[in-house]
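Visitor: Could you walk me through this protein, step by step?
Guide: Gladly, let us look at it together.

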Amino acid sequence: MFAVHCAGCFNYLIADMYPDSKRTWIGAMYPNFKEQSLWDRYVTSIYWSIVTLTTTGYGDLHAENTIEMLFDITYMLFNLGLTAYIIGNMTNLVVHWTSRTQNFVSTFNLKLLLLLLNFPLPATCYNSYILYMCWTKLLSSFSNALQSYYPNQCSKS
């Protein structure tokens with residue numbers, strides 16, 4: 001939000017200081033923009049900033065001179081980097097979450113197997129657990145074999 005505010009205010013500053021106010025991004029839409037209220041000018045600046053940040057780009061507010069074009073290019077490159085950073089962090093979170101889940105399941109299964117070996121249980125409980133472990137291993141192996149045999153038809157999840 002701070003970047004949106006700063007970019008909007010800086011872009012307004014460029015338009016305000018430009019010699020020909022009608023050849024600015026805000027002057028093209030509002031020829032007498034300096035006579036509007038501060039609130040209206042601020043909302044217009046924030047609107048431009050958010051539309052540019054989200055890459056929506058309606059086309060109603062756009063650069064009219066070279067200085068504004070250079071600032072817009074810089075802001076769009078900043079937005080590209082920010083988006084890549086956010087997506088990279090989200091991907092990293094998902095990868096670490098998946099690996100932690102796999103580690104937890106492996107550790108849990110190992111501890112459960114050690115518990116079953118150290119403490120006698122009724123044969124039906126022990127046999128059920130062993131059957132479950134063998135069945136899940138068989139299904140996993142079958143799924144991997146299918147995916148390697150039909151790589152385009154099977155999606156790995």
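Visitor: What pattern does the protein chain follow, read along the sequence?
Guide: This is a predicted model, in which local features need pLDDT of at least 70, side-chain atom pairs count only at pLDDT 80 or more, and totals for chains, interfaces and linings use all residues. Residues are numbered from 1 along each chain as its sequence is written, and side-chain values use heavy atoms, leaving out hydrogens and water. Helices (H or I, at least four residues) and strands (E, at least two) are DSSP runs, numbered from the N terminus. The protein chain has 4 helices and 0 strands, and its pattern along the sequence is α-α-α-α.

Visitor: How do the axes of H1 and H2 cross, and at roughly what angle?
Guide: Axes are lines fitted to C-alpha atoms, for helices over the stretch in contact, with angles from 0 to 180 degrees between N-to-C directions; contact means heavy atoms within 4.5 Å. On the H1 side, the contact includes Ala 3 and Tyr 12, and on the H2 side, Arg 41 and Trp 48 are among the residues. The axes of H1 and H2 come within 8 Å, and they cross at roughly 120°.

Visitor: Why is the pair of Trp 25 and Trp 48 called tilted?
Guide: Rings of Phe, Tyr and Trp (its six-membered ring) pair if their centres lie within 6.5 Å; planes under 30 degrees apart count as stacked, over 60 as edge-to-face and the rest as tilted. The structure holds 9 aromatic pairs. In this one, the ring centres of Trp 25 and Trp 48 are 6.0 Å apart and the planes are at 40°, so the pair is tilted.

Visitor: Where do Trp 25 and Trp 48 lie in the chain?
Guide: This pair links distant parts of the chain, 23 residues apart. Trp 25 is in the loop between helix H1 (2-17) and helix H2 (38-53), while Trp 48 is in helix H2.

Visitor: Are Trp 25 and Trp 48 buried or exposed?
Guide: Buried means under 20% relative accessible area, exposed over 50%, and partly exposed in between (1.4 Å probe, protein chains only). Buried residues make up 20% of the 157 residues in the protein chain. Both Trp 25 and Trp 48 are buried.
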